[in-house]
Amino acid sequence: MGSSFSQPLFFFFFFFLHLFLFAHSSSSSFQHLQIINAERRIDLHSHIIKVYLTLKVENSGTSPASEVHLALSPTEVEHLAIVKAAATSGKRKKKTYTPLGVKSAELPDGPNGTKFFSITLLTPLGKGETINLEVLYQLTHSLEPFPVEISQSESQLVYFRDSAILLSPYHVKEQTTFIKTPSTRVESFTVVDPIKHSGTELKYGPYDDQLPYSYSPVLVHFENNNPFTVVEELEREIEVSHWGSVQVTERYRLVHGGARHKGVFSRVEYQGRQGSSGASSFKYLLARLPAKVHSVYYRDGIGNISSSHLRTGFVKSELEFEPRYPLFGGWKSTFVIGYGVPLQDFLFESPDGRRYLNFTFGCPLAEAVVDKLIVKVVLPEGSRDPTAVVPFQVEQRLEIKHSYVDIVGRTVVVLEKRNAVPEHNTPFQVYYSFNPIFMLAEPLMLVTAFFLFFVGSVAYLHIDLSIRKS
């Protein structure tokens with residue numbers, strides 16, 4: 001199968017062997033907690049893998065526990081985009097969710113390469129008490145196309161690697177794993193009894209009484225023709241003007257991250273056999289924009305592209321547009337989207353007198369992975385002491401931008417994040433102080449420029465007439 005398959009297989013075998021020896025040779029420091037029941041649901045419909053984990057945790061020790069730890073394998077850590085947790089109570093429609101803090105943790109007795117996260121409980125879990133937790137984490141670039149190259153008429157097949165048994169620092173009394181595929185076409189899967197395959201679902205388990213750090217590697221080979229939309233770099237520039245608008249410019253460098261296209265491209269076949277020809281390609285993209293957008297444009301390096309459709313509303317707007325050519329695996333496209341939104345919907349005043357912009361972080365494209373996301377908030381000239389509030393970790397820095405009517409330049413708050421997914425499309429705020437006297441700067445500059453131009457024109461005309469008279 002080539003080196004691209006044998007190397008990951010060797011790594012999984014080595015990691016599994018290490019966990020097996022570790023689980024049977026070391027005593028866990030988490031014996032006061034145990035998982036009564038664990039249910040894991042893995043959604044493979046998109047190229048963004050979504051893992052939903054439901055845990056019932058019991059404190060079987062004598063001292064209260066204030067946190068619960070999650071364990072992820074080295075492969076999961078490398079591709080992890082986001083992890084969230086909540087405590088739940090009630091059932092079905094009456095179920096309530098209480099968000100909990102999740103942070104990276106270091107444990108001295110964990111296997112090499114294992115990454116831990118700590119879920120902080122709102123109230124310590126007492127002796128004999130139980131708590132229900134729901135965890136969501138998402139992985140990117142984790143589906144391996146195989147074959148790595150396909151022709152225009154072939155479907156896309158991918159590998160997914162994981163474990164039939166939950167990797168955990170705790171003893172797990174009962175657990176089940178469900179893997180959901182986008183279609184019924186599953187070429188092969190690892191058998192770890194008991195297992196059941198029905199339609200688009202694989203069920204591993206239930207498994208009883210698993211020791212801490214137990215691991216059983218599985219490999220699933222299945223069809224996934226959904227577009228692998230990968231934005232290698234996205235720069236979003238949000239320019240704030242106190243004269244009534246917020247102008248947004250988004251520069252995309254896009255690539256189809258699926259199996260590479262081989263052979264020649266036939267547009268006749270592509271248009272004549274839609275659905276079967278180029279099944280994993282995508283002809284159009286969908287961008288979810290703010291409500292009340294105006295002055296929307298879409299262009300690439302050649303010029304404006306008119307093949308787009310905008311649906312506006314009071315809650316959201318959607319821009320559906322087509323690149324100049326359909327995108328197959330490995331093909332790239334660069335383009336720019338621009339639009340304006342009303343200032344009063346996004347700029348507010350805080351109780352301490354400062355102003356703040358409330359906007360959405362992340363990428364507007366549906367189901368896109370962004371390898372490098374740069375958000376630049378250009379504040380009005382004269383803004384001071386800017387601070388950004390983002391609900392997750394990002395890199396921050398300040399820059400200065402000059403335009404043709406600026407005197408000292410505008411402050412730019414730059415936020416940068418790697419491996420962004422749609423879950424990062426959440427509101428963020430940029431606070432700043434502003435003296436209203438600076439709102440007169442640009443009009444004064446324009447008036448002064450017009451006055452100097454007028455005086456210069458009159459002087460030139462006077463000199464010209466004087467010369468003619470002489």
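The largest pocket of this predicted model is lined by 24 residues. Nearest its centre lie Ala 81, Ile 82, Val 83, Phe 392 and Lys 417. A pocket is an open set of points on a 1 Å grid over the protein atoms alone, with protein on both sides within 12 Å along at least five of seven lines; lining residues have an atom within 4 Å of a point. About 730 Å³ of space lies in this pocket. A volume here is the space filled by probe spheres set on the points, which are joined across faces, edges and corners. Residues are numbered from 1 along each chain as its sequence is written. In this predicted model, local features need pLDDT of at least 70 and side-chain atom pairs count only at pLDDT 80 or more, while totals for chains, interfaces and linings use all residues; side-chain values use heavy atoms, with hydrogens and water left out.

Helix 2 (74-79), strand 4 (80-89), strand 5, strand 6 and strand 29 (410-420) each give at least two lining residues. Helices (H or I, at least four residues) and strands (E, at least two) are DSSP runs, numbered from the N terminus. Strand 4 contributes the most, with six residues. By class, the lining holds eleven nonpolar, six polar and seven charged residues. Ala, Val, Leu, Ile, Met, Phe, Trp, Tyr, Cys and Pro count as nonpolar; Asp, Glu, Lys and Arg count as charged; the others, Gly among them, are polar.

Strand 6 (residues 115-125) also takes part in strand pairing. Two strands pair if DSSP finds at least two bridges between them. Strand 5 (residues 96-105) and strand 6 run antiparallel and are joined by five bridges. Ala 105 has Phe 116 of strand 6 as its bridge partner. Strand 3 is also antiparallel to strand 6, with seven bridges between them. Here Leu 72 is partnered by Lys 115.

A cavity is a set of grid points where a 1.4 Å probe fits but cannot get out. The whole structure has four cavities of 30 Å³ or more. About 170 Å³ of space lies in the largest cavity. Of its 21 lining residues, Ala 71, Leu 72, Tyr 137, Leu 166 and Leu 167 are the closest to the centre. Strand 1 (33-43), strand 2 (49-59), strand 3 (65-72), strand 7 (130-139) and strand 10 (157-163) each supply at least two residues of the lining. The largest share, four residues, comes from strand 3. The lining of the largest cavity divides into 14 nonpolar, four polar and three charged residues.

Five bridges join strand 19 to strand 22 (residues 317-321). Leu 286 stands opposite Glu 320 in strand 22.

The other sheet has four strands in the order 24-25-30-27, again with antiparallel pairing. Strand 24 (347-349) and strand 27 (384-389) are its edge strands, and each pairs on one side only. Neighbouring strands are turned by 25 degrees against each other on average, direction ignored. Strand 24 is joined to strand 25 (residues 355-360) by three bridges. Leu 347 has Leu 357 of strand 25 as its bridge partner.

Two loop residues were also described. Ser 280 lies between helix 3 (267-272) and strand 19. Ser 280 is buried, with a relative accessible area of 6%. Buried means under 20% relative accessible area, exposed over 50% and partly exposed in between (1.4 Å probe, protein chains only). Leaving aside neighbours within four places in sequence, Ser 280 is in contact (heavy atoms within 4.5 Å) with Ile 150, Gln 156, Asn 225, Pro 227 and His 256. Asn 304 sits in the loop between strand 20 (294-300) and strand 21. Asn 304 is exposed, with a relative accessible area of 62%. Not counting residues up to four places away in sequence, Asn 304 touches Tyr 298, Arg 299 and Arg 324.

Technical notes:
Axes are lines fitted to C-alpha atoms, for helices over the stretch in contact, and angles run from 0 to 180 degrees between N-to-C directions.
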